[in-house]
Amino acid sequence: MPVRVSKGFPLFPLGIVALPTESVPLHIFEDRYRKMIERCLSVELGSPGREFGILWLSEQELKPVGCACEVERVLERMDDGRLNIVARGTRPFRLLERQDDLPYPAGVVEFLEEPAETPDVAAAAAARELYRELVLQATDRELERGELDALDAYRMAATVEFGVEAKQELLELRSENERLRLLARLIQAAIEHLELVERAQVRALSNGKVRFG
């Protein structure tokens, strides 16, 4: 049975929100965080001990729900000890207690589980169709049905540049059905924004002015 509570879990408060499956490039320069990442790298890839947690440090507070991440690769090691790495989100957690007895920020965390629920087929289909439309508009790439069917809410959201508030809300939801419904609303707004930008660009090219409405 997987461990739900972990003590001494390395923490990385940042101004970003990471999601499970999301690829996160990071520049590590502070000594305490270099020690933290080196500790993670000393553990075998795929082992729980290789994880660290990203928590959103907003202007108001340190959010208690974050995303565990695993270092996938080291892109660059610099002579002064700084690192450029790529991490990938693995699973959500809740910070229960801060710890000050380690050479890097750490805490007691609980890895979050989700209650059993009947999948909302309509919500999944709606979110995937909107995601297909967004990818097509943004990249001219048509996703195959098999590709879409393999995507859950986290996997879709991890490839779109949503704001930190929206990503935090997705991360805190403990229901895939609720995440899919929220994701559909977010993607719809992204599509409308993209269409607005495209119309503005056309107008700017036509007469040198951008008019809205």
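Which residues do ring pairs link into a cluster? Phe-9, Phe-93 and Phe-111 are the residues joined in this way. The model is predicted, so local features need pLDDT of at least 70, side-chain atom pairs count only at pLDDT 80 or more, and totals for chains, interfaces and linings use all residues. Residues are numbered from 1 along each chain as its sequence is written, and side-chain values use heavy atoms, with hydrogens and water left out.

The structure holds four aromatic pairs. Rings of Phe, Tyr and Trp (its six-membered ring) pair if their centres lie within 6.5 Å; planes under 30 degrees apart count as stacked, over 60 as edge-to-face and the rest as tilted. Phe-9 and Phe-93 form an edge-to-face pair, at 5.5 Å centre to centre and 65° between the planes. Phe-9 lies in strand E1 (residues 5–14) and Phe-93 in strand E5 (residues 83–99), 84 residues apart. Strands (E, at least two residues) and helices (H or I, at least four) are DSSP runs, numbered from the N terminus. Phe-9 counts as buried at 4% relative accessibility, and Phe-93 at 0%. Buried means under 20% relative accessible area, exposed over 50%, and partly exposed in between (1.4 Å probe, protein chains only). The rings of Phe-12 and Phe-52 form a tilted pair, with centres 6.3 Å apart and planes at 50°. Phe-12 lies in strand E1 and Phe-52 in strand E3 (residues 51–56), so this pair ties together parts that are 40 residues apart in sequence. Both Phe-12 and Phe-52 are buried.

Two arginines lie over rings. The charged end of Arg-91 sits over the ring of Phe-111, 3.6 Å from its centre. Arg-179 lies over the face of Tyr-154, at 4.3 Å from the ring centre. The criterion is NZ of Lys or CZ of Arg within 6 Å of the ring centre and within 35 degrees of the ring normal.

The largest nonpolar core has 52 residues. Such a core is a set of buried Ala, Val, Leu, Ile, Met, Phe, Trp, Tyr and Cys residues joined through side-chain atoms within 4.5 Å. Phe-12, Leu-26, Ile-37, Phe-52, Ile-54 and Tyr-131 have the most contacts inside the largest core. A second, separate core of eight residues includes Leu-11, Leu-55, Leu-95 and Phe-111. Beyond four places in sequence, Phe-12 touches residues including Leu-26, Tyr-33 and Met-36 (contact means heavy atoms within 4.5 Å).

The structure holds zero disulfides (pairs of cysteine sulfur atoms within 2.5 Å). The sulfur of Cys-40 is 10.0 Å from the closest cysteine sulfur, in Cys-69, too far for a bond. Cys-69 is in no disulfide either; the nearest cysteine sulfur, that of Cys-67, is 4.6 Å away. Cys-40 is buried at 0%, and Cys-69 is buried at 0%.

A search of the whole structure finds 21 salt bridges. In each, a side-chain nitrogen of Lys or Arg is within 4 Å of a carboxyl oxygen of Asp or Glu. Glu-129 bridges to Arg-132, with the closest N and O atoms 2.7 Å apart. These two residues are three apart in helix H2 (residues 121–139), separated by about one helical turn. Arg-132 is buried at 17%, whereas Glu-129 is partly exposed at 34%. Arg-132 also bridges to Glu-142, at 2.9 Å. Glu-142 lies in the loop between H2 and helix H3 (145–149). In helix H6 (residues 176–207), Arg-181 and Glu-178 are three residues apart. Their salt bridge has its closest N and O atoms 2.6 Å apart. Glu-114, Arg-174, Glu-176 and Arg-179 are linked in a network of salt bridges.
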